[in-house]
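Here's a quick briefing to read with the structure open. Have a look at the model first, then work through the notes below.

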Amino acid sequence: MKAIHFTLNGKKASCEVQDKELLLHTLREQFSLKSLKEGCGIGECGTCTVLIDDEPHYSCLTLASKINGHDVKTVEYLGDAELLHPLQKAFIDSGAVQCGYCTPGMLLSAYSLLIKNGDPSDDEIKEAISGNLCRCTGYIQIIEAIRNAAGLCKCKS
Amino acid sequence: MLPDFASVNPETKREALAFLDSLDDARVIAGGTDLLVDMKRGESCGNVVDIMNVKELKRLSVNDGKIIIGSTVTHAAISKTVILNDMAQSLSVACGWVGSPQIRNMGTIGGNLVNASPAADSIPPLLIHDAILSIESKDGMREEALEDFIIAPYETSLRPRELLASVCIKGLPGYREGYRRAAKRAAWAISRLSVAWAISEDDDHFVDVRLAIGSCTPMPFRPRDVEEFLKGREKNDPVIREAVEIVAEEIRRISGDRPSFVYKMPVVKDLVQKALRG
Amino acid sequence: MYIGNETNRIDALDKVVGRPIYAEDLSVPGALFGCVFRSVRPHALIRRIDASAALASSGIVKILSYRDIPGENIFGIIKKDQTYLAEDRVRYVGEPILIVLGQTEEAARKALRLIEIEYEDIDVISDPFISGGSRTLIHEKGNLLSHRKVIKGDIEKGFDEADVIVEHTYTTAWLDHAFMETESGVGYPDNKGRIVVVSSTQNIHYKQKEISKLLAIPEENIKVIQATTGGGFGGKLDVTVEGFLALSVYHAKRPVIMRYTREESFLSNTKRHPLYIEYKTGARKDGAITAIKVSIIGDTGPFASYGETVCLRAAVHATGPYEIPNVHVDSKMFYTNNPVSGAMRGFGVPQLAFAHESQMDEAASMLKLDPFDIRIKNALKKGSLTATSQALHNSVGIVETLKKIEPYWRKRTRESGKTGFGLGCMYYGIGNTGVSNPANACLTITGDGKIALHTGACEIGQGSDTVLAQILQEALGLKMDDIVLVRGDTDTSKDAGSSSASRQTYISGGAVFDAAKKMRQYLDEKGFYKGRSIRDIYNSEADKKLLEHNGFFDPPTTPVDPETSKGSPYATYAFATHMTEVEVEKETGSCRVKKVYAAHDVGRAINPKNIRGQIYGGIAMGVGFALMEEFIPGKSGSFDNYYMPTSMDMPDVEAFIVEDQEPTGPFGAKGLGEPALIPQAASIVNAIKDATGVRAFELPCHIERLKILLEKAKR
């Protein structure tokens, strides 16, 4: 077991993790962050995406011990139902959500793009979410939502 | 599901080498994008040395036309480093093709080399830049050319207790460089075939041509015969056509005739031809 | 107006904050984890199983076999021929044999490796073409699951009248649904001693019935709840984890969780049927199609699943959205020891659309006609007779969808040798084929002054919750805040049928509309429309039973004739036209889909935003079907070798909605879920032909196939 200290969604967090524990399981089980999903377990679907130091990573292939001293964000960081982040609002308004299983990961990849690039091209948006599979939407309304939210996202970073 | 193992997180290279020396049945982990998948699929080891926090291994430095890339520099970092785009464009393009944005944020150049997949995107560009690897252990340091380092598909000369520390390449000023690949989808796909090139030419002649081909033979390789053939040759269609045939010949010499060549041979020929034409 | 506007989905808010509870997110203290031990042989007798070491291993509570099934070890949507747990014989790689219940997932998965099994291999039937004539029988009654014919007019006369004949063979691959959430669920005994199963599913009432038979327990003692479901596409229609969960809870008397790994999902889930299609078209010089003859051979794997449905649906839709005077379709579905194929978005029709739309282009090319003109000339119109001789009286929008696309088609410009354009048209019968397939809906008034809609329709991401709520709003003139949805629970809703066959908007929507008519009359009588509040009406009603209003809708269909398929198998059809531009990279054989124009006749657009979402999603699946997706038994194991489109594979799309209203539909609506996919692959293949001169007769037309076709064309 290892003790780790990190920043989780803007707040200091600590916990004990097994040597072989994956970040996905730490966050789902110890921090009840069920928005992270295990769609494949081998880094080929994107549903387990988290931001580490604001860059998207697959938590299913990240040993929890790696995040000691780092900043970790999940979709809960963006906003909650009472106070939505503009990106979340744009996802709703553009119809970017269907079954919802890819949505948290997709939002995080999009957020990571928008805090670095306030005016991305469609190609840049497509590339930024190319590590998050979606089987329902065909991505088009997701791309539209990200385009619409661009410029509004620097408010919380 | 991962098998049981113990892990350590050294913060200096010395610490990492000491762990590798003292721990039995140890594997080095960096990004984890290959090793953890293999372990979920049945591979096991007693100890894991996680080198991602080792600062010395994360450095990317340019000095006197020499580029030294620490083994845990990620694909994302390589593809976004502006100076690399100038000095080793094929590498920066190739690293931009690796996996997905997440994989590129996690996966490292060292991991790509140690995994030694025939389809590894970073290897052909490093081959044309005559990459030299710096390999360290508690007992010292050795250097080895990348061409010698990979000894078989998924097999390298790296010995237990050794650590790949960095990769050194030379910039090729004045060369036109590139990397192209064929893959079954637009992103997040394994290369079915890849070609890296760096070509220097004057007026109508090839001066120096460097080619490397990936995902075709058991290991990515440089077709030296054709490089030799093209030296100083006039740049025209008959020469290029002949060059393409020489490449095909070299591939057959290495691999014989494989069923996949029905596809791959015409693609290699077309891509090499395009690269030579520029 | 509550319909036809850009209403947001009612579940979107929860989903963007990561709040919905999928089955795997349920926290069930003290739950066991269940894993399935599966066959590694395609066809074998089970000689011996020794699970003693597994049972003795740490953390293992129970191991269940078919002997532990108190009721019937058999299930299936139409023909019940599939065992939950193999008895003396396995028929495919991945077939469930035992269930291992452990204290933790890790314990259960580790124990799987300790189970010893001895097989005696039997001849493997891996080809539907030898299945029919083989002496090895996969089921006692023979290896032919289903044989359907569609006969109209005089096929020989039709070909005699033709000036040109186009004849080709088309084949398609196994595809995986690849929903992002794998099969998962939780089972537990409730405080009344009933067995409750919460799962990721498309049809709660069907699963309740099957579990009842499996456990020999009356249906009222089985409760099935739909968890938030991460996609279905047909792959969560058959019983997957639900039966195992129920059986496990029955024996363990405590909660049990199951969740398939992605590898297990690929191995065990049903696939899209690979079809072998021989297609012959006769046409006159003016472009009129005089005859179509089609022979279809399908491979359903060792169990029926939806094989009969696909066999019939493929046959009925084989001629496409065209009026063909002389038709002869012969469709056979065989058992094999390959993966089980079942329902997947379109039930065989996408495969046939690939064939009939390729034929259309080839016929046009031989006749030197524009591919657009030949389609519009033959397109179904009001009064046309379909291949099953069904007269279409209403809502026949194929011509209108073509006309939406026409301006873009006429002004298309090709970059020679690189880009090309293709068309694809389709029609699709909404609801199940030639059988009763009703839906119920129930409306009540609640104590807090709301109208509650009780529905068994499963929201699997397609948007049915929102659409049903909008239909209710429109019918009653209510705000969304006045409505509560009580859904996805067999206790609180009556059967609405499956979320499949693009049927929920039309059929459950029809049932909601029916209930709403009654509720509206009641509310009107009680003075609601003169300003009285719903809460007041509730409070003043002495007999609370009068607050409940039931709705029902069963689309008017007739069974099809067993010999000719004559009949009206569907009450209404959806129509669509897609136009696609591709760019082909000749060196590598890679094809990029650049732009799609898609026009869909949906009857009436209840929620245009959802409709666009379905169209875009269907196009993505069509891009996968055409260019990359292929499940290869023994090779395809997960997303690292089963590629489906990423954001970078998607074209720009312009979607057009055509509203040719369907009189039997709620406010004129039909369905859309499957139609969005159906014509897409065909339009890509036609565009590749336009760009390069080569035609793919085998899907997927991935980089290797396309490059090889290009190379052959050089010679």
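**A histidine and its neighbours**

In this predicted model, His177(C) touches Arg135(A), Gly232(C), Phe233(C), Gly234(C), Gly235(C), Asn269(C), Thr270(C), Lys271(C), Ala343(C), Met344(C) and Met621(C), leaving aside residues up to four places away in sequence; contact here means heavy atoms within 4.5 Å. As a predicted model, it gets local features only at pLDDT of at least 70 and side-chain atom pairs only at pLDDT 80 or more, while totals for chains, interfaces and linings use all residues. Residues count from 1 along each chain as its sequence is written, chains are lettered from A and ligands numbered from 1 in the order in which they are written, and side-chain values use heavy atoms, with hydrogens and water left out.

**More on His177(C)**

- You'll find His177(C) in the loop between β9 (175–176) and β10 (184–189) of chain C; strands are DSSP E runs of at least two residues, helices H or I runs of at least four, numbered from the N terminus.
- His177(C) counts as buried because its relative accessibility is 0%, and the cut-off is under 20% (1.4 Å probe, protein chains only).
- Its side chain makes a polar contact with the side chain of Asn269(C) at 3.2 Å; that term means a pair of N or O atoms within 3.5 Å, one able to donate a hydrogen and the other to accept it, with residues adjacent in sequence counting only if both atoms are side-chain atoms.
- A polar atom of the His177(C) side chain also sits 3.2 Å from the backbone nitrogen of Gly235(C).

**Helix α16(C)**

- Of the 20 residues in α16(C), 19 are buried.

**Chain C against chain B**

- The contact brings together 25 residues of chain C and 23 residues of chain B.
- About 2,100 Å² is buried between the two chains, 58% of it on carbon and sulfur atoms; buried area is the accessible area (1.4 Å probe) lost on putting two parts together, summed over both.
- Glu587(C), Tyr643(C) and Glu704(C) supply 30% of the area chain C buries here, more than any other three residues.
- There are 8 salt bridges between chain C and chain B, a salt bridge being a side-chain nitrogen of Lys or Arg within 4 Å of a carboxyl oxygen of Asp or Glu.
- Arg192(B) forms a salt bridge with Glu704(C), with the closest N and O atoms 2.5 Å apart.

Conventions
Buried means under 20% relative accessible area, exposed over 50%, partly exposed in between (1.4 Å probe, protein chains only).
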